[in-house]
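Here's a quick walk through one protein model.

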Amino acid sequence: SWSTTSKYDRIIFSNESITAVHLTKSSTETLFYAHSLPHFLFDGKKEYLRTVPFFYHEFYHLALFLRKWLFIWDVRSVKHIATNSLENKNFLESWTKRKDIEVIYPPVNMLRFRPVKVKLPYKVKEHSNVETLLERELTDYYISTVRLTENTQVDKVVHAFVHMPLKNLIVLYNPTDPFAENVMKIARGSNNIFFIHEPFEMKRSAIISSALASISIAKQEDF
């Protein structure tokens, strides 16, 4: 609200919160940190519409058109823009025609994620395929770390490992991932595929560094 934003001289907006830029004073220094872009409004619109029943397409076309131009208006209204990758910068420049976008890479301690010479076993105790709870110590496994969405195509990776029962796969995921249930159903009945929700960074990095390899066949990554 206006009463909230008017209290500050500098405001950083993230993702959908940029809509509040029109509630700020003209003298306020505003920055939009664009770390997740609405591809469904631009280059991903056709793929998004495939998930919508055909009879609603006309309504969705109109809604997406309005949201697209509102987003462009919001981005053009903010004074400064920063994003977390060159890929995202290129997308924003092509969508909004702004040429003053800066890239600020998020700090990551890569030493935590480098492969270790001595692979530490990982004790799995997690739902592996929606219905079964397995407990096993894995010494050789591959890993998937991307979000479970349609674009990341983790379902195809899981499908491949269903047909390779002697090779283990750990899928790191978040329960809020929109495609999580679909991907888990593919693995149903397979005892070599494990879905792990590990919110703690240190534990997550240990799982990654002891993996044989990380697998990703995403259609499009923002990095």
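In which sense do β1 and strand β2 pair, and over how many bridges?

## The β1 and β2 pair

They run parallel: β1 and β2 (residues 29-34) pair in that sense over 5 bridges. Pairing here calls for at least two DSSP bridges between two strands, and the elements themselves are DSSP runs numbered from the N terminus, with helices being H or I of at least four residues and strands E of at least two. Across the pair, Ile 12 stands opposite Leu 31 in β2.

Side chains along β1 (residues 10-14) alternate. For the record, buried is under 20% relative accessible area, exposed is over 50%, and partly exposed is in between (1.4 Å probe, protein chains only).

## Where the model comes from

This is a predicted model, so local features need pLDDT of at least 70 and side-chain atom pairs count only at pLDDT 80 or more, while totals for chains, interfaces and linings use all residues. Residues are numbered from 1 along each chain as its sequence is written, and side-chain values use heavy atoms, leaving out hydrogens and water.

## Two positive phi angles

Asn 15 sits in the loop between β1 and β2. Its phi is positive, about 55°, although Asn 15 is not a glycine. At 18% relative accessibility, Asn 15 counts as buried.

Lys 97 is another non-glycine with a positive phi, about 65°, and lies in the loop between α4 (86-96) and β4 (102-103). Lys 97 is exposed, with a relative accessible area of 57%.

## Helix α5 and its neighbours

Which residues of α5 are buried? In this helix (residues 154-162) they are Val 154, Val 157, Val 158 and Phe 161. Seen down the axis, they fall within an arc of 95°, so they line one face of the helix; the arc is taken from the directions from the helix axis to the C-beta atoms.

What do those buried residues pack against? Their partners are β7 (142-144), β8 (169-172), α6 (180-186) and β9 (193-196).

## The whole protein

Zooming out, the protein has 7 helices and 10 strands, and 37% of its 223 residues count as buried. Its C-alpha atoms fill a box of roughly 60 × 50 × 30 Å along the principal axes.

Terms used: Contact = heavy atoms within 4.5 Å.
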